[in-house]
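Please look through the chain shown here, with attention to its aromatic side chains and to the packing of its helices.

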Amino acid sequence: MTLFHMDRVLALLQAVDDQLQDGPPIHIRVGGGVGMMRVNPHRLTEDVDVFDRSYPDELHRAAAAVAKNEGLPADWLNNDIAHFGIDTEGFDTDPAPLFAGRRLVVTCFSLRALLALKLLAGRETDTNDILLLMRETGLTSPAGLREMLDDYLGYQETKSSRDWAYARVEDLCADYRTMRWAR
C-alpha cells in the first residue's frame, strides 16, 4: 500500500495536469483523506477520492499514465464514491482550489460537507477524522450533527445510510466529550 502526504498529492495532481492536452478546464471535487489534510497536515491517504459523476475519459487516461509512470495503483485517483448513490452537487466547497493547474482544477469540500460525508460513510476508520471535524466545525451535539446531515442529505434517497449516521452520532458525541481538547 502506498501512502501519500499533501506534497505528494499536489505533485501527482501536477503530473496529471501535465498529461492533459490543451482544452477547457476540468473541475473536480475531492474529499476523504485529501480533504482531511487541510485540518491535519500529518494525515496520510492511499488515494484521492473524486466526488463527481462526470469524470472525463481524458482525466482517467492522464491519471492512468501517472499511475504507470509512478508505479502507483491504477485507482490512486478514483471517482468510485460518486457512484454510491450520494448526490454531492449541492455540497459546498472551499472557495480556494486545492490545486489549479493549466487545465485541472481541484477543490475540496468544506469541512462541514466533509463531516457529513464522513458520518454517512460510517466506517470505524473514519472516527478520528469525524472527531477532528466536529472540533473544527463546532458541531459537537447529536442535534447539531443530525441537523447538518438533514441539510446535506434530507432531499436524497439515502435514508438507510442517513439512519445509520443518525444512530451513530450519540456515540460519537460521547467520544468527543472524552477528548482532551474537548474539555
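**Aromatic rings and a helix pair**

Phe-91 is buried, as is Tyr-152, where buried means under 20% relative accessible area, exposed over 50% and partly exposed in between, computed with a 1.4 Å probe on protein chains only. The model is a predicted one, in which local features need pLDDT of at least 70 and side-chain atom pairs count only at pLDDT 80 or more, while totals for chains, interfaces and linings use all residues. Residues are numbered from 1 along each chain as its sequence is written, and side-chain values use heavy atoms, with hydrogens and water left out.

Phe-91 and Tyr-152 form a tilted aromatic pair, with 4.7 Å centre to centre and 50 degrees between the planes. Rings of Phe, Tyr and Trp (its six-membered ring) pair if their centres lie within 6.5 Å, and planes under 30 degrees apart count as stacked, over 60 as edge-to-face and the rest as tilted. This pair links distant parts of the chain, since Phe-91 lies in the loop between strand 3 (77-78) and strand 4 (99-100) and Tyr-152 in helix 6 (residues 142-153), 61 residues apart. Helices (H or I, at least four residues) and strands (E, at least two) are DSSP runs, numbered from the N terminus.

By the pairing rule the count comes to 4 aromatic pairs. One of them joins Phe-51 and Phe-109 in an edge-to-face arrangement, 5.2 Å centre to centre with 90 degrees between the planes. Both Phe-51 and Phe-109 are buried, and Phe-51, Phe-91, Phe-109 and Tyr-152 form one aromatic cluster.

Helix 4 (residues 111-121) is mostly covered, with 8 of its 11 residues buried; among them are Leu-114, Leu-115, Lys-118 and Leu-119. Helix 4 is followed by Gly-122, whose phi is positive, near 65 degrees.

The axes of helix 4 and helix 5 (residues 127-137) come within 10 Å and cross at roughly 150 degrees, the axes being lines fitted to C-alpha atoms, for helices over the stretch in contact, with angles from 0 to 180 degrees between N-to-C directions. Helix 4 and helix 5 are therefore roughly antiparallel to each other (angles under 35 degrees count as roughly parallel, over 145 as roughly antiparallel, 65 to 115 as roughly perpendicular and the rest as oblique). The contact, meaning heavy atoms within 4.5 Å, is made by residues including Leu-111, Arg-112 and Leu-115 of helix 4 and Asp-129, Ile-130 and Leu-133 of helix 5.
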